[in-house]
Amino acid sequence: MIIDGRPVEAISGRTRAVRNPASGEAVGDVPWGGPEDLERAVDAASRAFPSWSGLPARERASILVEASRAVDSRAEEIAGTLTGEQGKPLAEALGEVTRFGEQMRWYAEMADKIYGTQVPLGDPSLLGLTLREPLGVTGAIAPWNHPLTLARNKLGPALAAGNTMILKPATTTPLSTLAVVAAMHEGGLPAGVLNVVVGEGLGSEVVRHPRIKKVGFTGSTATGRQVMAAAAGTLKKLVLELGGSDPCIVLDDADLESAAAVITAGRFSNCGQTCRGIKRLYVQEGVYDALVDRLSKAVSAIEVGDGARPAVRMGPLHTAGQREEVEEQISDALDRGATLVCGGHRPEGHDFAAGNFLAPTLLADVDGDARVLSEEVFGPCLPIVRIHDLEEGLSEANRSRYGLGASIWTASMASAWRAARAFEAGFVWVNTAPSAYYQLPFGGTKESGFGRENGIEGLLDYTDVKSVVFGDLG
Ligand code: NAD
């Protein structure tokens, strides 16, 4: 772990092996901490807070920029670690590391632009002000699918605004996070500002801790419910970035070539394990067969294998249990009459024997009540549904209990605008890839959670507003 600027073992001395999902082999050991280690981390973060928050914002910004450059300088090595513990192809891992530094610098530039306001109060002898103040010690809990991106979305704004932080990565992907935070300290991040703890059950300890003022949580909707319940004890501020089942509508007038390429990447990158991946596809009948045909060719051509091999475009699922769950969801759809267009099986051969591989899968003519449409599918499977028109597509898209993102492909401005307004989602993409941008707020509605990360909104959420009224000073 990293506590008070130094790598430390768990007080208990326990460790746990981290395994490669492509081979099952151990890629390293990680300290296995407990509540006593979290206490040390909170002590360090509490000690660091007065000096970190008291720095002139430009100085804090310079330190964050230098720390981010140190991460950049070790990007290839960290990307290798990320692929080894998570399974994603090396190119995707490298992109995740380089965007980590980019976003830190974007937030560093914001550090001296956190403004309060002066507010007229109706009585000219009074001066009303709002001040924006950092919260104190904050907590971040990240999942395994994009460990660095989802840590970065919390620590970038938190640190820029003057907070200190305890970061708890997923227990199966701690090594890349530890490598990044070690690099930030080599780059000059002061001790105690950012601490990393790893261990079973530490997430809920972070949520319950009385000295932690806010928790930024990214994970499943089921865990999000537990986090919200546990946060009630200390009335902790929360941002919950939870599961998604993002719909994509393709209308008859869409550019099919671009749509097919983006949908393929948008569903199968990171082996389908992305919260904002395209998880349900609704295609208007005039282009249905043509699009299914294009997708079938593109998806069948995806090279599957160990993400460390340069030609590989899709790695294994992260855990064996997750592969079984996706297989059950596929079987349910087939039992309800769906057509298997491609995939649906475990790839065979020596290279695939020990990993959690599943061939990229397309399901056509999927029944509206199938689990692949009502549940989040966190793996390489795309269900396709035929629709008559935009209104039917919107009504099917909005049937989900999730509301993270949604996208549409159409040449009609009127259809695009209608969809942008009607989608029940926190993010809408029109004729483009469902990417997240650190400049734009990201987050969900419905059971995809609440609060926003990224953008100015994400920064301001790491501050409290204090109202101050000055009477006559004379
Ligand atoms: P998860 O909920 O199992 O775990 C997420 C994190 O929470 C891990 O660090 C885990 O150790 C920790 N945790 C587990 N139980 C906890 C508890 N009771 N209290 C506090 N922390 C606890 O999720 P996962 O399987 O690691 O990640 C996949 C899920 O994350 C998917 O549902 C995906 O859609 C979602 N996700 C959402 C976003 C988003 O921005 N909305 C982004 C990425 C992933």
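1. Start with Glu 376: an N or O atom in its side chain sits 2.6 Å from an oxygen atom of the ligand. Lys 168 also reaches a ligand oxygen with a side-chain N or O atom, at 3.0 Å. Ser 220 uses a polar backbone atom instead, 2.9 Å from an oxygen atom of the ligand.

2. Before going on, a caution: this is a predicted model, where local features need pLDDT of at least 70 and side-chain atom pairs count only at pLDDT 80 or more, while totals for chains, interfaces and linings use all residues. Residues are numbered from 1 along each chain as its sequence is written, and side-chain values use heavy atoms, with hydrogens and water left out.

3. How many residues surround the ligand? There are 27, counting a residue if one of its heavy atoms lies within 4 Å. The closest are Ala 142, Thr 223, Leu 242, Cys 275 and Glu 376.

4. Now the domains. Domain 1 covers 2-242 + 448-469 and domain 2 covers 246-437; the bounds come from an automatic or database domain assignment. Their centres, taken over C-alpha atoms, are 31 Å apart.

5. Where they meet, 24 residues of domain 1 are in contact with 27 of domain 2 (heavy atoms within 4.5 Å). About 1900 Å² is buried between them, 51% of it from carbon and sulfur atoms; buried area is the accessible area (1.4 Å probe) that two parts lose on being put together, summed over both. On the domain 1 side, Ala 22, Trp 144 and Ser 448 supply 27% of the area buried against domain 2, more than any other three residues.

6. What about salt bridges across this interface? The rule finds zero, looking for a side-chain nitrogen of Lys or Arg within 4 Å of a carboxyl oxygen of Asp or Glu.

Conventions: A polar contact is a pair of N or O atoms within 3.5 Å; within protein, one must be able to donate a hydrogen and the other to accept it, and residues adjacent in sequence count only if both atoms are side-chain atoms.
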